[in-house]
Amino acid sequence: MKQESMINIKNLKRYYKSGQVITKALNGVSFEIKQGEFIAIMGASGSGKTTMLRILGLLDKPTKGDYTINNLDIVNLPEEERNYYRLTQLGYVFQDYALINEMSAIENIYILSLMEGKSKVQSIITAQAALDKVGLSDKSERIPDQLSGGEKQRIAVARAIAKHPKILFADEPCANLDTHNSEQILEVFKTLNKKFGQTIVMVTHESWHTKYVSRIIKLKDGKIVSDVKV
Ligand SMILES: Nc1ncnc2c1ncn2[C@@H]1O[C@H](COP(=O)(O)OP(=O)(O)OP(=O)(O)O)[C@@H](O)[C@H]1O
Ligand SMILES: [Mg+2]
């Protein structure tokens, strides 16, 4: 039986206008993503990778085109529902970790769950499980300043996966890390994908990262120039 696609993107366009100049950051992109894929989005600087990730992650809207997740017309949802969907169903990891310095690792992870109205006990249990998945259970009480860059990023990954997101989005998650720490992050992603079936869409510049993924989509000038399973 054919596995149904989770994400369907059709003829997606994103134009930026500044003064008289229009930049076609995405210029007609179509593809499908199935549950359980681990996708690398690659391409030269300015090719549209971040633009695409931001639209897929509901952090931005396309100028034109269709985008559905599990047949839900995600682009045209009312603003409030879009925000709710983004907060509860999607996970994000960025280059700069975006951790709160005054809070311990575990507090950084469970704060969102508390804000959603879950009980503190439940929030802590969920956060501990996420910390365990990234191999940092022993550092749950450290504040970000007491962690290495790689550890900070693993905390950010734990925060992103604590809510069991449908899709985990990562925009150059290893950009500020050395090779050793990059490998650790990529190993965590690979385990999340293989063991827990986590769907992952990751933007990267580094071709050696592609040995961890199941599919590579290459962009050039806002268009897909290759899309291969590996
Ligand atoms: N807010 C914006 N306003 C105007 N133009 C933008 C804006 N954001 C991005 N662009 C332009 O859109 C194009 C795609 O940018 P994008 O950030 O998606 O590239 P990228 O592939 O992520 O590059 P990098 O590898 O450098 O991160 C570029 O030409 C960029 O200058
Ligand atoms: Mg980018």
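Start with the open sheet. Six strands build it in the order β6-β7-β8-β3-β9-β10, with mixed pairing. Two strands pair if DSSP finds at least two bridges between them. Across this sheet, neighbouring strands are turned by 15° against each other on average, direction ignored.

This is a predicted model: local features need pLDDT of at least 70, side-chain atom pairs count only at pLDDT 80 or more, and totals for chains, interfaces and linings use all residues. Residues are numbered from 1 along each chain as its sequence is written, chains are lettered from A and ligands numbered from 1 in the order written, and side-chain values use heavy atoms, with hydrogens and water left out. Helices (H or I, at least four residues) and strands (E, at least two) are DSSP runs, numbered from the N terminus.

Next, select β9, residues 215-220. Six bridges join β9 to β10, and the two run antiparallel. Pick Ile-217: Asp-227 in β10 stands opposite.

Helix α1 lies across β3 (38-42), β6, β7 (167-171), β8 (199-203) and β9, and runs at about 155° to β7. Axes are lines fitted to C-alpha atoms, for helices over the stretch in contact, and angles run from 0 to 180 degrees between N-to-C directions. Six of the eight residues of α1 are buried, so the helix is largely enclosed by the rest of the structure. Buried means under 20% relative accessible area, exposed over 50%, partly exposed in between (1.4 Å probe, protein chains only). Select the buried set: Lys-49, Thr-51, Met-52, Leu-53, Ile-55 and Leu-56. Then step just past α1 to Leu-58, which takes a positive phi of about 60°.

Helix α2 is the next stop. Its residues, 79-89, lie across β6 and β7, and α2 runs at about 65° to β6.

Move on to a helix pair. Show α3 (residues 105-115) with α4 (residues 120-133): they pack at about 130°, with their axes 9 Å apart. The two are therefore oblique to each other. Angles under 35 degrees count as roughly parallel, over 145 as roughly antiparallel, 65 to 115 as roughly perpendicular and the rest as oblique. From α3, select Ile-106, Ile-109, Tyr-110, Ser-113 and Leu-114; they meet Lys-120, Ser-123, Ile-124, Ala-127, Gln-128 and Leu-131 in α4. Contact means heavy atoms within 4.5 Å. The residues of this contact of α3 with α4 divide into seven nonpolar, three polar and one charged. Ala, Val, Leu, Ile, Met, Phe, Trp, Tyr, Cys and Pro count as nonpolar, Asp, Glu, Lys and Arg as charged, and the others, Gly among them, as polar.

Then show α5 (residues 149-161) with α6 (residues 179-196). Their packing angle is about 20°, and their axes are 9 Å apart. That makes α5 roughly parallel to α6. On the α5 side, pick Gly-150, Gln-153, Arg-154, Val-157 and Ile-161; across from them in α6 are Asn-181, Gln-184, Ile-185, Val-188, Phe-189 and Leu-192. By class, the contact of α5 with α6 has six nonpolar, four polar and one charged residues.

Finish at Glu-4, in the segment before β1 (5-18). At 57% relative accessibility, Glu-4 counts as exposed. Not counting residues up to four places away in sequence, Glu-4 touches Lys-34 and Asn-71. Check Glu-32 as well: its C-alpha atom is separated from that of Glu-4 by 9.4 Å, with the two 28 residues apart along the chain.
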